[in-house]
Amino acid sequence: MKKLLITMMLIMAAAFVISCGSDDSDDSCTDGAFLCQTSALHQCEAGVWKLIQDCGDKTCNEQTGKCEDEGGDTGNTGDTGNTGNTGNTGNTGNTGNTGDTGNTGDTGNTGDNCEAILTCMSGCSQDETCLQTCFDAGSTQGQTDYNALSECVNTNCSSDNTVACYLDKCPTQSEACGIKGGNTEYPAPYGTGTINAAFNYMVTDADSQLTQEMVTMSAFATGTLGTLDIANPPTAAVTFSYVYNGLNSKNERIINAAQASQDSNNAALDTSTQMVMAEADAAIGTVNVGLTAEDPVALYVIKSDSSNNIVCMHAFAIGTMNITAVSLTAGASGNFAATSSDIKWYSPANAPDYGGDISSQLGVTACPKQ
């Protein structure tokens, strides 16, 4: 295996490490099986739990694989005034777990071509055994394309070890490995922002619905993407946020801060912000925000449909975050606080640091320019 000067900064799918030389299969589920996590219905596909529907006020039935009506007006206990009612739509983040829909980026690791080799390697850091395993799992053509890129990069980019150099000096080899220039219709960066998270309640899988004491009636993340203000999207009457600690669809323990908005009729808007990190990384100190194996935190802005499926991604963040307080105790004894003033937002259609248009590696569509 010829070694690139750097392990390519390819996408790690919303900060969940892609296993070396695997197709992200998970022996904990059988293909076709269903799983209910609170109100979120998942189905096992290729050994991975995939979110297929948020049942909302309906009952999630993993035996039938359906969201079923239940008798009586249940589930609206969060209706402690209109602010509590915002929790009802906020429950989309309780699948915050929708945070791990970023894992749709796993689709970028399908197959065994050069792009799949590089995507696998993005989870290896500098682990030589892991890097070699990823290479060995590639097809003959994938390995040939990888070696061609490596040889070209080492010849032409030894003094300018950047993806921009790869695209300029090795365009054919880069394209064969899925490295493409970005869509310059989107500025890079797309915008800047801050994080100011201060949560005094830790939502868990035991909470079937958000209530007023669980939410903070403000945004934890700010930023403007063209004309889109993520803390105050069009028609928003109220923006709220909360933090969740529990399992994602791959049974990994995560911390997920979610931010959502409602209009004056308490209807959920389709723009939300998600911050996701592994539970093990939730410790006081400064951490990186981004999409590589060296970035514990992923932060992104998405557009969802009425069933809480991701329609497109507006942007993801690169920067640092200072965690100032964290307690994973469930309920009012739990807390999470973090700040950042150096967030830069990028559209997945134009992310120069990661090679340009990375939509396919993330498994998402870039939302139209705002």
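Residues are numbered from 1 along each chain as its sequence is written, and side-chain values use heavy atoms, with hydrogens and water left out. Because the model is predicted, local features need pLDDT of at least 70 and side-chain atom pairs count only at pLDDT 80 or more, whereas totals for chains, interfaces and linings use all residues.

**Exercise 1. Check what span helix α4 should have, and determine which of its residues are buried and what covers them.**

Step 1. Helices (H or I, at least four residues) and strands (E, at least two) are DSSP runs, numbered from the N terminus. Helix α4 covers residues 140-156, which is 17 residues.

Step 2. The expected span of a helix is 1.5 Å times one less than its number of residues. For α4 this should give 24 Å, and the C-alpha atoms at its ends are 24 Å apart, so the two values agree.

Step 3. Buried means under 20% relative accessible area, exposed over 50%, and partly exposed in between (1.4 Å probe, protein chains only). The buried residues in α4 are Gly-142, Asp-145, Tyr-146, Asn-147, Leu-149, Ser-150, Cys-152 and Val-153.

Step 4. The cover over these buried residues includes α2 (114-121), α3 (128-136), α5 (163-169) and α6 (171-176).

**Exercise 2. Describe how α2 and α4 pack, and classify the residues that make the contact.**

Step 1. Axes are lines fitted to C-alpha atoms, for helices over the stretch in contact, and angles run from 0 to 180 degrees between N-to-C directions. The axes of α2 and α4 are 7 Å apart, and the two helices pack at an angle of about 70°.

Step 2. Angles under 35 degrees count as roughly parallel, over 145 as roughly antiparallel, 65 to 115 as roughly perpendicular and the rest as oblique. The helices α2 and α4 are therefore roughly perpendicular to each other.

Step 3. With contact meaning heavy atoms within 4.5 Å, α2 contributes Cys-114, Ile-117, Leu-118 and Met-121, while α4 contributes Gly-142, Gln-143, Asp-145, Tyr-146 and Leu-149.

Step 4. The residues of this contact divide into 6 nonpolar, 2 polar and 1 charged, where Ala, Val, Leu, Ile, Met, Phe, Trp, Tyr, Cys and Pro count as nonpolar, Asp, Glu, Lys and Arg as charged, and the others, Gly among them, as polar.

**Exercise 3. State how many disulfides the structure holds, and work through the pairs Cys-120 and Cys-134, Cys-152 and Cys-170, and Cys-157 and Cys-165.**

Step 1. A disulfide is a pair of cysteine sulfur atoms within 2.5 Å, and the structure holds 5 of them.

Step 2. Cys-120 is joined to Cys-134 with an S to S distance of 2.0 Å, and the link is left-handed, with -65° about the S-S bond. Since Cys-120 lies in helix α2 and Cys-134 in helix α3, the pair ties together parts that are 14 residues apart in sequence. Cys-120 counts as buried at 3% relative accessibility, and Cys-134 counts as buried at 2%.

Step 3. The sulfur atoms of Cys-152 and Cys-170 are 2.0 Å apart in their disulfide, and the torsion about the S-S bond is about -95°, so this disulfide is left-handed. Cys-152 belongs to helix α4 and Cys-170 to the loop between α5 and α6, so the pair ties together parts that are 18 residues apart in sequence. Cys-152 is buried, with a relative accessible area of 9%, and Cys-170 counts as buried at 0%.

Step 4. Cys-157 and Cys-165 are joined at an S to S distance of 2.1 Å, and their torsion of about -95° makes the disulfide left-handed. Cys-157 is buried with a relative accessible area of 0%, and Cys-165 is buried with 4%.
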